[in-house]
Amino acid sequence: MSNHDDEIIRRILAGETRAFAELLELHNDKAMTLAMRMLKNREDAEEALQDAFVRVFKTLDRFERKSSFATWFYRIVHNVCATALSKRDQQVQISLNGDRAEPQLDLPPDEWNPQVELESSEFQQVVQQEIENLPSTYGVVFTLFFVQELGYDEIVKVTGLPLGTVKNRLFRARMLLREAVLKNMRGSVGERKSGRLRQETIE
Amino acid sequence: MSHLTSKQVMQLLDGMIEAGEQVRLNAHLTLCGRCRQEFALQQALYRATKQQSLVKTSAGFTARVLAQTALREKEQSAVLKVLTRYGHLLAIVFGLGILSFALSTISGWSLTTKKLDALRPSDTLLDYSARVTAWLGQQFHQMAQKLTEFAGEQNLKLFFIAIFIILALTLFDRLVVQQFIKTRS
């Protein structure tokens, strides 16, 4: 557990319930990002997160410190969101067959230089957009890995999924993102090419 | 060497490849333009992913959560707090109730032989509380006497059954009632 979390929790358990606001501020945005990746809807995500925080408050005295506070906390957020998701019954059905062969990859377009493109805000926007579009099944593991910066073992504890499934989902999430961004960038390169051609024709 | 797989490229970026293998893959990258291109793409995605912006909660979210936690604290102070703190005592009192009921049914013994006088108009609160205390003392004295007689009458079996009931109820409280409270909260 991080020292900061530890200190805040000690204060809350000592009766300083106002310290809970600090804990909220510390984990608010990361938890909201996770909830959004799962529920894909701002209202539902906030409602679930509110529920999760209330649960944390009520059960904080039973937190046994077997894992880090972050792992324990994100497990609660994950469970609340999973319940909300199942209630909504909108879970996207995706084949999770891990034995599938790696798909044949499309190579990046010749004219595309990722080092240059990364500096453009357009690339960042495209990546951000495509991350948000990831199906919730993959978005959860992806967010826990990149935003919460949890390791595989911690993701296993949070999601309750087997290690193999976690690794597989993370890989597929990154492949989905790669393909989506590439498709998007190929479109942009195509537009630029046709723009240049039009320019040359005019000249 | 054949081209690197996407998995290998990702593992290389995540630093999850053994040192020896890493040297071999890096050597391949310097020679193979296609894999270098793939690596550059994955690297760009990795960096962009790390820089992704977080989703903010709406204004007033923290206040709403804090208000709800304060409300929960109040709610819990009524029934749940009593059950959580004094559940085992309630179980023992209930068990004693069953014990006295069983004893009165079987051996014609009643704890209420001398009834408590009702509140008289002339009573002050102090007078009445003194009478209630005296009455309770008598009841306990009587109960202790009867229990001694009862044990003397070799009705120990029934007595132990009653003790067993108390223990069972206490266990029921610990294992069921308290767990139920935990689950609810």
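Me: What percentage of the 185 residues in chain B is buried?
Reply: Buried means under 20% relative accessible area, with a 1.4 Å probe and protein chains only. In chain B, 27% of the 185 residues fall in that class. Keep in mind that this is a predicted model, where local features need pLDDT of at least 70, side-chain atom pairs count only at pLDDT 80 or more, and totals for chains, interfaces and linings use all residues. Residues are numbered from 1 along each chain as its sequence is written, chains are lettered from A in the order in which they are written, and side-chain values use heavy atoms, leaving out hydrogens and water.

Me: How many helices and strands does chain B have?
Reply: Helices are DSSP runs of H or I, at least four residues, and strands are runs of E, at least two, numbered from the N terminus. Chain B has 7 helices and 0 strands.

Me: What area is buried between chain B and chain A?
Reply: The size of an interface is often given as the accessible area lost when the parts come together. Here that loss, taken with a 1.4 Å probe and summed over both parts, is about 4,300 Å², and carbon and sulfur atoms give 60% of it. B:Leu41, B:Gln52 and B:Val55 supply 14% of the area chain B buries against chain A, more than any other three residues.

Me: How many salt bridges are there between chain B and chain A?
Reply: Look for a side-chain nitrogen of Lys or Arg within 4 Å of a carboxyl oxygen of Asp or Glu. The count is 5, and B:Glu38 with A:Arg178 forms a salt bridge at 2.4 Å, N to O.

Key:
Buried means under 20% relative accessible area, exposed over 50%, partly exposed in between (1.4 Å probe, protein chains only). Buried area is the accessible area (1.4 Å probe) that two parts lose on being put together, summed over both.
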